[in-house]
Amino acid sequence: MIFCFRLTASFVRAKRKVCSDIPCCPFFEKLEEQKDINYPDGVYNLQDLRKLGKQRGICPYFLSRNVVDRAQIVVYSYHYILDPKIAELVSKNFSRHACVVFDEAHNIDNVCIESMSVSLTKTTVEKVTQKLSVLEEYVQRLKNENSERLKTEYDRMIEDLKRVEEERITDRVLANPVLPDMILKEAVPGSIRTAQHFIAFLRRFNEYLKHRMRTKTVLFESPAAFLRDISDLMHIERRPLRFCAERFASLARTLELADISDFSSLVLITNFATLVSTYARGTAF
């Protein structure tokens, strides 16, 4: 899927309009041309979609994502609706009035715990240190080449948050549990608004995580206790932590990072920052 993103990302396709030498995915492009075509009614499983994709020369993966919004009944794993990271891609256009039926519902607790958990190791935080330096180089390069795009990045992020809030108010789509209503109504703290300030903030947060991982004892700590400790030691408040995941996603879009897997460690700690500062119940460490 990462390789697909390198060929299908909107900024990659926009560049290809200027430079035809940039590679593309012919299966995705053909699907885009046929977006409004009605497909035969029926019951489709993954094999059926693959067969249809092969017949028409279109991408079966993106085909499944396109037709899921038109389907009357969709059968899939819990994760596609309970895990906010996956639901944002697959289920976000479902009506709030859709009827959801869970089979084997006793498994829901485990799926929710798994989807809202983040596992960090010493290796993770060491990689974060390296990747923040790489990210800083990307930012500096963009600043030299197109400083205006960096200046307008914050405005674009605010517009995205407003769009999410509007969709909730109008009941158009299912809510994403990673962005509770209270966050959408807050202003993004000034300490992380610019790319440079955000990177500096993540460095401080990562140093704190390194400090906590030096302990030789096993700790079980509530999010509230974790937030008190990081505030006392590093003067890092709760509000900027809550926006970390969305802030990093916004910066990644601005920098046009085609291979986000290279920055998986940053995804992990920004997700952790948002989760631990948003939900009062749970175990931080």
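H235 turns up in the loop between α14 and α15 (238-242), where helices (H or I, at least four residues) and strands (E, at least two) are DSSP runs numbered from the N terminus. This is a predicted model, in which local features need pLDDT of at least 70, side-chain atom pairs count only at pLDDT 80 or more, and totals for chains, interfaces and linings use all residues. Residues are numbered from 1 along each chain as its sequence is written, and side-chain values use heavy atoms, with hydrogens and water left out.

Though not a glycine, H235 has a positive phi of about 55°. H235 is exposed, at a relative accessible area of 61%; buried here means under 20% relative accessible area, exposed over 50%, and partly exposed in between (1.4 Å probe, protein chains only). E104, another non-glycine, also has a positive phi of about 55°. E104 sits in the loop between α7 (84-90) and α8 (108-115) and is partly exposed, with a relative accessible area of 46%.

As for the chain as a whole, there are 17 helices and zero strands. Of its 285 residues, 38% count as buried. Among contacts (heavy atoms within 4.5 Å) with a separation of 6 or more, 71% come from residues 24 or more positions apart.

Helix α13 (residues 195-213) and helix α14 (residues 223-234) have axes that come within 11 Å and cross at roughly 110°; axes are lines fitted to C-alpha atoms, for helices over the stretch in contact, with angles from 0 to 180 degrees between N-to-C directions. That makes α13 roughly perpendicular to α14, a label for angles of 65 to 115 degrees. On the α13 side, R204, F205, E207, Y208, L209, H211 and R212 meet F226, D229, I230, L233 and M234 of α14. The residues of this contact divide into seven nonpolar, one polar and four charged, with Ala, Val, Leu, Ile, Met, Phe, Trp, Tyr, Cys and Pro taken as nonpolar, Asp, Glu, Lys and Arg as charged, and the others, Gly among them, as polar.

Note on methods: Angles under 35 degrees count as roughly parallel, over 145 as roughly antiparallel, 65 to 115 as roughly perpendicular and the rest as oblique.
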